[in-house]
Amino acid sequence: MKDLTTDERLALIPLFAGMSKKEIAAVSGLATRLDLAAGKELTKQGEIGNEFVIVLDGEVDVLIDGKVVATRVSGDYFGEIALLSERPRTATVVAKTAVSIEVIGRREFRALVKDQPGIETQLQAAMAERLAADDVD
């Protein structure tokens with residue numbers, strides 16, 4: 001995936017399946033790309049969540065009370081629970097490997113789900129599934 005553009009990477013993520021190139025470009029325009037080293041803490045359990053994160057490359061561990069409960073890989077995302085439910089982060093997320101991520105801030109995230117109702121539906125379903133499995137972000 002390293003030779004693909006950000007738009008091409010986003011288009012491969014199931015969350016954005018069915019979106020046109022123009023819509024994918026709009027999502028890409030809302031996001032900020034970051035390349036981070038292994039060990040970098042991306043979110044902290046209990047803190048207010050202000051961003052939605054899409055993993056483009058690499059792996060991150062999801063920890064609850066210091067215990068790894070899941071690993072997210074390229075194409076996965078996290079942060080939707082805090083943003084959709086207006087609650088503190090339910091987990092800490094740490095880069096397991098070097099990672100490339102796209103970060104969408106709270107305001108831009110709200111605009112995205114408002115403009116793309118299908119995405120909100122998918123995010124709500126993922127949130128419910130993660131909360132039920134205690135596999136949260």
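**Reading a sheet, its helices and an aromatic cluster**

Mentor: Let's start in the sheet: β3 and β8 pair in the antiparallel sense, over six bridges. Two strands count as paired if DSSP finds at least two bridges between them. Helices (H or I, at least four residues) and strands (E, at least two) are DSSP runs, numbered from the N terminus. One caution: this is a predicted model, where local features need pLDDT of at least 70 and side-chain atom pairs count only at pLDDT 80 or more, while totals for chains, interfaces and linings use all residues. Residues are numbered from 1 along each chain as its sequence is written, and side-chain values use heavy atoms, with hydrogens and water left out.

Trainee: Which residue stands opposite glutamate 102 in β8?

Mentor: That's isoleucine 54.

Trainee: In what order do the four strands of the open sheet come?

Mentor: The order is β1-β8-β3-β6, with antiparallel pairing. β1 and β6 stand at the edges with a single partner strand each, so one side of each has no neighbour in the sheet.

Trainee: And what does α4 touch when it packs on the sheet?

Mentor: Contact means heavy atoms within 4.5 Å. Here α4 touches β3 and β8, and its direction makes about 80 degrees with that of β8. For such angles, axes are lines fitted to C-alpha atoms, for helices over the stretch in contact, and the angles run from 0 to 180 degrees between N-to-C directions.

Trainee: How many aromatic pairs does a search of the whole structure find?

Mentor: Rings of Phe, Tyr and Trp (its six-membered ring) pair if their centres lie within 6.5 Å; planes under 30 degrees apart count as stacked, over 60 as edge-to-face and the rest as tilted. The search finds two pairs. Phenylalanine 52 and tyrosine 77 are tilted, at 5.4 Å centre to centre and 45 degrees between the planes. This pair links β3 (residues 51-57) with β6 (residues 77-78), its partners being 25 residues apart. Phenylalanine 52 also pairs with phenylalanine 109: the centres are 5.1 Å apart and the planes at 45 degrees, so that pair is tilted too. Here the link runs from β3 to helix α4, 57 residues apart. Together, Phe52, Tyr77 and Phe109 form one aromatic cluster.

Trainee: Are phenylalanine 52 and phenylalanine 109 buried or exposed?

Mentor: Buried means under 20% relative accessible area, exposed over 50%, partly exposed in between (1.4 Å probe, protein chains only). Both are buried.

Trainee: Which residues of helix α2 are buried?

Mentor: In α2 (residues 21-30), they are Ile24, Val27 and Ser28. On the other side of α2, Lys22 and Gly29 are exposed.
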